[in-house]
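I set out to record what I looked up in this model, entry by entry. The conventions stand beside the entries that use them.

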Amino acid sequence: MNNPGIWPALLYDDAEAARRFLVDVFGFTEALVVHDDDGATIVHAELRWPEGGGVMLGTRGHGHKGVEEPTARTQWLYVVTADPDAVYRRALDAGATITEKPYDTDYGSRNVGIADPEGNGWTFGTYQGA
């Protein structure tokens with residue numbers, strides 16, 4: 001599996017709900033989930049994208065120094081996939097917020113934009129970079 005040199009990391013108010021959404025709707029797979037001592041709160045999780053790469057996530061305020069307080073939600077992640085239309089259909093079926101319906105770009109990519117439950121922007125597309 002492709003191990004990226006950079007791991008985007010997101011903090012959520014409800015990391016459990018975010019984990020379920022990213023796995024059940026987007027199609028990530030769980031590689032590691034670490035809960036706090038009471039077992040109720042996700043302190044750290046690693047999710048893999050089946051086509052390569054991954055993201056980390058955790059619960060806001062649980063040991064992430066300097067970034068505990070929420071700020072304007074300006075995160076935007078791009079995930080390479082061979083089938084953005086399949087991700088779109090899963091998201092639509094789950095009632096997710098679609099920010100951009102599937103479209104073709106002038107640089108040859110097929111993209112779709114979707115917001116996760118806490119408003120972070122995700123684009124799934126076929127563009128693999130220059």
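**Entry 1: Glycine 53.** I located glycine 53 in the loop between β3 (42-48) and β4 (54-59). Strands here are DSSP runs of E with at least two residues, helices are runs of H or I with at least four residues, and both are numbered from the N terminus. I found a relative accessibility of 9% for glycine 53, which therefore counts as buried (under 20% relative accessible area; exposed is over 50%, partly exposed lies in between; 1.4 Å probe, protein chains only). I also checked its distance to isoleucine 6: the C-alpha atoms of glycine 53 and isoleucine 6 are 8.8 Å apart, with 47 residues of separation in sequence.

**Entry 2: Basis.** I note that the model is predicted, that local features need pLDDT of at least 70 and side-chain atom pairs pLDDT 80 or more, and that totals for chains, interfaces and linings use all residues. Residues are numbered from 1 along each chain as its sequence is written, and side-chain values use heavy atoms, with hydrogens and water left out.

Entry 3: I followed strand β2 (residues 29-35) to β3 and found them antiparallel, joined by 6 bridges; two strands pair if DSSP finds at least two bridges between them. Valine 33 has alanine 45 in β3 as its bridge partner. The two strands form a hairpin with 6 residues between them, and glycine 39 in the turn has a positive phi of about 80°.

**Entry 4: The four-stranded sheet.** I read the strand order of an open sheet as β5-β8-β7-β6, with mixed pairing. β5 (76-80) and β6 (97-104) are at the edges with a single partner strand each, so one side of each has no neighbour in the sheet. The twist averages 15° from one strand to the next (axes are lines fitted to C-alpha atoms, for helices over the stretch in contact, with angles from 0 to 180 degrees between N-to-C directions). Helix α2 (residues 84-93) lies across β6, β7 and β8, at about 25° to β7.

**Entry 5: Threonine 123.** I then turned to strand β7 (residues 110-115), which runs antiparallel to β8 with 5 bridges. Glycine 113 has threonine 123 as its bridge partner in β8. Which side chain makes a polar contact with that of threonine 123? I found tryptophan 76, at 2.8 Å (a pair of N or O atoms within 3.5 Å; within protein, one must be able to donate a hydrogen and the other to accept it, and residues adjacent in sequence count only if both atoms are side-chain atoms). Threonine 123 is buried, with a relative accessible area of 5%. Leaving out residues up to four places away in sequence, its contacts (heavy atoms within 4.5 Å) include Leu77, Tyr78 and Asn111.
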